[in-house]
Amino acid sequence: MSVPLALIRAHLNLDDDRDPELLTHYANVAAMWVAAYTGQPFTADNALMVQAALLLVAHQYEAREAVTFANTYQLPFGVHDLLSPLKDRVTGYRPEPEAA
């Protein structure tokens, strides 16, 4: 698993063993989303990636829907900010090859 289940439970303040399959699924989805957004492989050693994944897992676990009437944000606040420094930028610019 990408993010330890114990860390997810601590982040969600869960003190029991409920929903391990669901939490594992949400963690895997969050890790894949972070990797796709940044263009880099997800690593559990990167604190920014793990924190963003925890925010995504918490949002998915608490809301269970992408958007609610009470909260129109599709992503938890701060996910883009955490991952922005890690994102591989694609600008379309390619330098001209130097003449030999």
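What is the handedness of the crossing of α1 and α3? The crossing of α1 and α3 is right-handed, a crossing being right-handed if the near helix is turned clockwise from the far one by less than a right angle, and left-handed if anticlockwise.

The model is predicted, so that local features need pLDDT of at least 70 and side-chain atom pairs count only at pLDDT 80 or more, whereas totals for chains, interfaces and linings use all residues. Residues are numbered from 1 along each chain as its sequence is written, and side-chain values use heavy atoms, with hydrogens and water left out.

**View 1. Overall fold of the protein chain.** The protein chain has 4 helices and 0 strands, where helices (H or I, at least four residues) and strands (E, at least two) are DSSP runs numbered from the N terminus. Along the sequence the pattern is α-α-α-α. Of the 100 residues in the protein chain, 34% are buried (under 20% relative accessible area; exposed is over 50% and partly exposed in between, with a 1.4 Å probe and protein chains only). Among contacts (heavy atoms within 4.5 Å) between residues at least 6 apart in sequence, 58% join residues at least 24 apart.

**View 2. Packing of helix α1 on helix α3.** Helix α1 (residues 5–12) packs with α3 at an angle of about 60°, the axes lying 10 Å apart. Axes are lines fitted to C-alpha atoms, for helices over the stretch in contact, and angles run from 0 to 180 degrees between N-to-C directions. From α1, Leu7, Ile8, His11 and Leu12 meet residues of α3 including Val50, Leu54, Tyr61 and Glu62. By class, this contact has 9 nonpolar, 2 polar and 1 charged residues (nonpolar: Ala, Val, Leu, Ile, Met, Phe, Trp, Tyr, Cys and Pro; charged: Asp, Glu, Lys and Arg; polar: the others, Gly among them).

**View 3. Packing of helix α2 on helix α3.** The axes of α2 (residues 20–38) and α3 (residues 47–63) come within 8 Å and cross at roughly 130°. The pair is therefore oblique (under 35 degrees is roughly parallel, over 145 roughly antiparallel, 65 to 115 roughly perpendicular and the rest oblique). The crossing of α2 and α3 is right-handed. Residues making the contact include Leu22, Tyr26 and Trp33 of α2 and Met49, Leu56 and Gln60 of α3. This contact has 14 nonpolar, 2 polar and no charged residues.

View 4. The structure holds 1 aromatic pair (ring centres of Phe, Tyr and Trp, its six-membered ring, within 6.5 Å; planes under 30 degrees apart are stacked, over 60 edge-to-face and the rest tilted). Trp33 and Tyr37 are stacked, at 5.1 Å centre to centre and 5° between the planes. Both lie in α2, 4 residues apart, about one turn of the helix. Trp33 is partly exposed because its relative accessibility is 29%, whereas Tyr37, at 18%, is buried.
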